[in-house]
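Colleague: Hi, could you walk me through this model? I have a few quick things to ask.

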Amino acid sequence: MKEILKKRLVTIGVLGILIVLNVISVSATYKSFSKEFVYGNKYTMVTRADKDSSHEYVKLLVSAMYKDDGSASSYQRSKAALKGWNGESYVRCTIKSDYPQTVIKGVKAKFKLLNAYKKAGKTVKYYAKGNDPDKDCKISGTMWIDEQE
């Protein structure tokens with residue numbers, strides 16, 4: 001009886017470790033940003049992150065939008081464009097239908113990377129335009145760069 005209980009505990013322990021390691025290995029690299037200024041009528045770089053894996057998706061959440069002076073606002077939308085280095089300049093690194101994309105405050109937006117930008121070590125930059133997109137604003141949120149789906 002003790003032998004069976006011991007085997008079960010070892011099995012449960014090993015399974016627990018495997019689950020934890022699996023979760024860690026598929027966790028996305030993320031970059032948070034807070035009250036970053038964004039021009040209303042031209043793209044402004046908000047943040048950048050380096051990829052740790054070859055996963056093909058980037059997810060973006062704008063959790064808060066403010067007036068350009070940092071005060072509260074009712075702003076809800078901005079335009080987002082993700083860019084990567086092609087050896088000469090920063091260019092679109094997502095599939096065409098995801099560039100640019102309207103991001104709604106509080107809703108995760110998903111972008112699919114082009115094959116050349118899926119590799120570990122690549123840098124992805126997030127550029128944004130302001131609310132609807134004619135008003136300067138400040139935005140806060142998170143960009144997850146190594147998502148599987």
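**Rings, strands and core**

Modeller: Phe 37 counts as partly exposed because its relative accessibility is 30%; buried means under 20% relative accessible area, exposed over 50%, and partly exposed in between, with a 1.4 Å probe and protein chains only. This is a predicted model, where local features need pLDDT of at least 70, side-chain atom pairs count only at pLDDT 80 or more, and totals for chains, interfaces and linings use all residues. Residues are numbered from 1 along each chain as its sequence is written, and side-chain values use heavy atoms, with hydrogens and water left out.

Colleague: Thanks! How many aromatic pairs does a search of the whole structure find?

Modeller: Three. Rings of Phe, Tyr and Trp (its six-membered ring) pair if their centres lie within 6.5 Å; planes under 30 degrees apart are stacked, over 60 edge-to-face, and the rest tilted. Phe 37 and Tyr 39 are edge-to-face because their planes are at 90°, with the ring centres 5.0 Å apart.

Colleague: What lies over the face of Tyr 39?

Modeller: Lys 42 does, at 4.8 Å from the ring centre. A charge sits over a ring if NZ of Lys or CZ of Arg is within 6 Å of the ring centre and within 35 degrees of the ring normal. Lys 125 lies over Tyr 90 in that way, at 3.9 Å.

Colleague: Switching topic: is strand S3 mostly covered or mostly uncovered?

Modeller: Mostly covered: nine of the 11 residues in S3 (57–67) are buried. Strands (E, at least two residues) are DSSP runs, numbered from the N terminus.

Colleague: And which way do S3 and S9 pair?

Modeller: They pair in the antiparallel sense, over nine bridges; two strands pair if DSSP finds at least two bridges between them. Lys 67 has Cys 137 in S9 as its bridge partner. S3 also runs antiparallel to S7 (109–112), joined by four bridges, and there Val 58 stands opposite Phe 111.

Colleague: What does the side chain of Asp 146 reach?

Modeller: The backbone nitrogen of Asp 52, at 2.6 Å. Asp 146 is in S9 and is buried, with a relative accessible area of 1%.

Colleague: Last one: which residues touch the most other members of the largest nonpolar core?

Modeller: Leu 60, Leu 82, Phe 111, Tyr 126 and Ile 139, out of 24 residues. Such a core is a set of buried Ala, Val, Leu, Ile, Met, Phe, Trp, Tyr and Cys residues joined through side-chain atoms within 4.5 Å. The elements giving two or more residues to this core include S3, S7 and S9.

Notes. A polar contact is a pair of N or O atoms within 3.5 Å; within protein, one must be able to donate a hydrogen and the other to accept it, and residues adjacent in sequence count only if both atoms are side-chain atoms.
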